[in-house]
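Morning, everyone. Please look at the screen while I walk you through this one.

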Amino acid sequence: MPWENYIDEPALRILLAASFVVVVLSVFGRVLTAVMLRLGRSFLFTKAVSEQLEKPIRLLLPLLGLQAVLTASGDEFALLDVARRITALLIISCFTWLALRLLRGLEQAVRMKNPVDVSDNLRARQIQTQSRVLLRTLGFFVLLIGAASMLMTFPAARQLGASLLASAGLAGLAVGFAARPVLANLIAGIQIAITQPIRLDDVVIVENEWGRIEEITGTYVIVRIWDDRRLVVPLQYFIEKPFQNWTRRNSSIIGSVFLWVDYSLPLEPLREELRRLCQDVPQLWDGRVIVLQVTDTSEKSIQLRVLVSSPDSSRNWDLRCHLREGLIGFVQRQYPQCLPQLRADLSVGHKPNIDKSVPEHMEPERQPPV
């Protein structure tokens with residue numbers, strides 16, 4: 001018997017056909033993604049991309065089949081137009097989701113191909129910074145195109161867009177002024193990706209705060225401060241304002257330790273003790289720089305400056321603390337009379353005169369980061 005003898009209602013036939021197509025394409029999508037994942041295991045790039053595209057493909061294929069059935073059904077029912085429009089919106093959303101997942105897969109592949117948890121990670125940080133900023137900027141435009149495509153499915157929205165374009169005088173200026181911070185950050189992101197004044201895991205001084213670049217998004221940068229606080233900085237800041245980058249070329253750094261002592265302290269034994277203290281911690285001192293100098297004098301005391309180098313700023317901070325403690329302990333044990341002292345003249349007929357070994361104008365050493 002013909003098909004119409006069993007099903008008289010056209011709506012029911014459309015529903016059954018749509019259900020059949022959705023089920024078949026759902027099964028086909030699962031098989032396709034399973035094969036894609038199996039074939040992509042051999043390569044890092046295809047594996048990362050396949051894992052990201054699995055869910056969007058499984059949803060997109062049935063929607064495309066459903067839209068084909070609805071389009072071929074004619075205009076017999078009023079609800080068909082609503083169903084087509086809803087399906088079209090879902091298809092556009094799936095394509096947008098698919099594009100975003102593709103960009104995420106590319107970012108993961110780049111990150112896995114260029115890990116930063118190695119000793120010499122300068123090139124890896126360069127590549128990761130470029131790829132992350134550019135791909136996230138592309139993601140913004142994908143979202144923008146997807147939202148515009150969804151709006152264009154509505155006739156009223158198309159008319160509204162045409163009317164706005166026709167009267168784009170003051171409205172365009174207002175929108176441009178309102179969107180200026182967003183556009184400025186997007187352009188700054190592209191500049192940062194190309195010129196790379198900062199990279200992921202760079203050590204920077206921003207707003208007098210020491211920290212590492214933890215994350216770079218399309219509009220802002222997250223700086224992880226030494227005490228685990230997070231500083232959120234707009235991308236435009238790194239283009240328009242000066243800041244310090246301690247790992248621009250490499251992570252090696254020189255740090256200083258200041259001591260105030262009496263004039264009677266001999267310096268050669270202190271230099272030998274400094275070298276011994278540095279050699280005791282080879283994991284903190286890289287052997288490049290070790291200097292002990294008299295950098296300031298007054299009528300009461302002298303200022304000593306110690307310069308030492310380390311592979312990175314964190315180890316330099318630990319080395320400076322180690323040297324400060326060791327040198328002070330050495331002076332206490334070997335030359336206690338050379339520590340800063342208070343001197344008073346209590347002679348008869350003289351006004352007591354208190355002499356401080358540490359001058360009042362001495363600037364305290366700036367506390368470096370942890």
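Is Asp228 buried, exposed or partly exposed? Asp228 is partly exposed, with a relative accessible area of 44%. Buried means under 20% relative accessible area, exposed over 50%, and partly exposed in between, with a 1.4 Å probe and protein chains only.

Some ground rules. This is a predicted model, in which local features need pLDDT of at least 70 and side-chain atom pairs count only at pLDDT 80 or more, while totals for chains, interfaces and linings use all residues. Residues are numbered from 1 along each chain as its sequence is written, and side-chain values use heavy atoms, with hydrogens and water left out.

Back to Asp228. It sits in the loop between β3 (220-225) and β4 (230-234). Helices (H or I, at least four residues) and strands (E, at least two) are DSSP runs, numbered from the N terminus. Asp228 is not a glycine, yet its phi is positive, about 70°. Most residues other than glycine have a negative phi. Gln196 also has a positive phi, about 55°, and is not a glycine. Its loop runs between α8 (180-195) and β1 (203-206). Gln196 is buried, at 5% relative accessible area.

Now the sheet. Five strands make an open, antiparallel sheet, in the order β4-β3-β2-β1-β5. Two strands pair if DSSP finds at least two bridges between them. At the edges are β4 and β5 (244-245), each pairing on one side only. Between β1 and β2 (residues 209-216) there are four bridges. Val204 faces Gly211 in β2.

Next, the largest nonpolar core. That term means a set of buried Ala, Val, Leu, Ile, Met, Phe, Trp, Tyr and Cys residues joined through side-chain atoms within 4.5 Å. This core has 23 residues, and Leu270, Leu274, Leu304, Val306, Val308 and Leu323 touch the most other members. Elements giving two or more residues include β6 (253-261), α10 (267-279) and α11 (313-334). The top contributor is α11, with five residues. Apart from this core lies another, of 16 residues, including Ile198 and Val233.

Last, α10. Which of its residues are buried? They are Leu270, Glu273, Leu274, Leu277 and Cys278. Seen down the helix axis, they fall within an arc of 135°, so they line one face of α10. That arc is taken over the directions from the helix axis to the C-beta atoms. Their cover includes β7, β8 and α11. Contact here means heavy atoms within 4.5 Å.
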